[in-house]
Amino acid sequence: MLAVIKPDTQHKEEILEEIRGRGFTISRLKDTVLSREMAEEFYREHRDKPFFSQLINHGLFLRSGPCTMMVLTKDNMLEEWRASMGPTDPSEARQAAPGSLRACFAKEILETAVHGSSNTQHTHQKIQFLFRDISTE
Ligand code: ATP
Ligand code: MG
């Protein structure tokens with residue numbers, strides 16, 4: 001599946017350690033600075049949502065440095081990764097899932113520290129988009 005550490009050079013290594021510690025295998029890893037067009041393409045399934053423009057433009061956060069793009073594998077990985085991330089809103093994450101990556105590293109709902117593709121179709125789309133040269137789950 002595809003997961004991303006959003007721009008955060010301060011905590012990147014710590015987050016990578018957490019990911020490995022939780023039993024995920026990182027089979028591909030690539031740092032990419034997204035352009036506005038790439039960010040819009042990356043989050044295209046949200047283009048009709050009221051927060052879309054904020055998501056792409058908020059403090060230029062998504063484009064403020066390299067995103068670490070990763071192909072992860074683990075049994076039951078979609079569910080496992082979602083559980084590792086915790087809820088989208090970090091204040092909810094700190095309440096409901098205190099050990100989760102978002103509880104520890106997310107600042108606010110527009111700076112959620114990590115991303116995970118939410119289903120197999122998005123996984124394929126985003127791996128194709130970001131890693132062009134491979135096709136995998
Ligand atoms: P992601 O797709 O980044 O892994 P997610 O699957 O938990 O996060 P989505 O619903 O897919 O949540 O939202 C994508 C991103 O849009 C979130 O990471 C968050 O930054 C932002 N977002 C989601 N809901 C809201 C909202 N109600 N207000 C503002 N931003 C939001
Ligand atoms: Mg999502």
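**View 1. Gly 86 follows helix H4 with a positive phi, near 85°.** The model is predicted: local features need pLDDT of at least 70, side-chain atom pairs count only at pLDDT 80 or more, and totals for chains, interfaces and linings use all residues. Residues are numbered from 1 along each chain as its sequence is written, while chains are lettered from A and ligands numbered from 1 in the order in which they are written. Helices (H or I, at least four residues) and strands (E, at least two) are DSSP runs, numbered from the N terminus. H4 itself covers residues 77-85.

**View 2. Helix H4 has a buried side and an exposed face.** Met 77, Trp 81, Ser 84 and Met 85 are the buried residues here. They span an arc of only 100° around the axis, so they sit on the same side of H4. The arc is taken from the directions that run from the helix axis to the C-beta atoms. Buried means that 20 or more other C-beta atoms lie within 10 Å of the residue's own; exposed means 12 or fewer; partly exposed is in between, with C-beta atoms placed from the backbone. The cover over the buried residues of H4 includes S1, S3, helix H6 (101-105) and S4. Glu 79 and Ala 83 are exposed, on the face turned away from the buried side.

**View 3. Two residues other than glycine, Asn 76 and Ala 113, have a positive phi.** Most residues other than glycine have a negative phi. Asn 76 has phi near 55°. Its place is the loop between S3 and H4. Asn 76 is exposed because 8 other C-beta atoms lie within 10 Å. For Ala 113, phi is near 70°. Ala 113 belongs to the loop between H6 and S4. This residue has 23 C-beta neighbours inside 10 Å, so Ala 113 counts as buried.

**View 4. Asp 8 is in contact with Phe 105 and Ala 113.** Neighbours within four places in sequence are left aside. Contact requires C-beta atoms, placed from the backbone, to lie within 7 Å. Asp 8 occupies the loop between S1 and helix H1 (12-21). It has 21 other C-beta atoms within 10 Å, so Asp 8 is buried. Along the chain, Asp 8 and Ala 113 are 105 residues apart, yet 7.4 Å separates their C-alpha atoms.

**View 5. Strand S3 pairs with S1 and with S2.** Strands pair when DSSP finds at least two bridges between them. S1 (residues 2-5) runs antiparallel to S3, with 4 bridges joining them. There, Val 4 faces Met 69 of S3. S2 (residues 25-32) and S3 are also antiparallel, paired over 7 bridges. Thr 25 is opposite Thr 73 of S3. In S3 (residues 67-73), 6 of the 7 residues are buried, so the strand is largely enclosed by the rest of the structure.

**View 6. Helix H7 packs its buried residues against S1, S2, helix H2 (36-42) and S3.** Those buried residues are Thr 123, Lys 126, Ile 127 and Leu 130. Because they cover an arc of only 105° around the axis, they lie on the same side of H7. H7 runs over residues 120-131; at 1.5 Å a residue, its 12 residues should span 16 Å, and its end C-alpha atoms are 16 Å apart, which agrees. The expected span is 1.5 Å times one less than the number of residues.

**View 7. A shell of residues surrounds ligand 1.** The shell holds His 46, Phe 51, Gln 54, Leu 55, Thr 88, Ile 109, Leu 110, Thr 112, His 115, Gly 116 and Ser 118. Helix H3 (52-57) and strand S4 (114-116) are the elements that give two or more residues to this shell. A residue is near the ligand if its C-beta atom, placed from the backbone, lies within 6 Å of it. By class, the shell has 4 nonpolar, 7 polar and no charged residues. Nonpolar covers Ala, Val, Leu, Ile, Met, Phe, Trp, Tyr, Cys and Pro; charged covers Asp, Glu, Lys and Arg; the others, Gly among them, are polar.

**View 8. Leu 55, one of the residues around ligand 1, lies in helix H3.** Leu 55 counts as partly exposed because it has 19 C-beta neighbours inside 10 Å. Not counting residues up to four places away in sequence, Leu 55 touches Tyr 43, His 46 and Leu 110. His 46 and Leu 110 also belong to the shell around ligand 1.

Definitions and conventions:
Contact = placed C-beta atoms within 7 Å.
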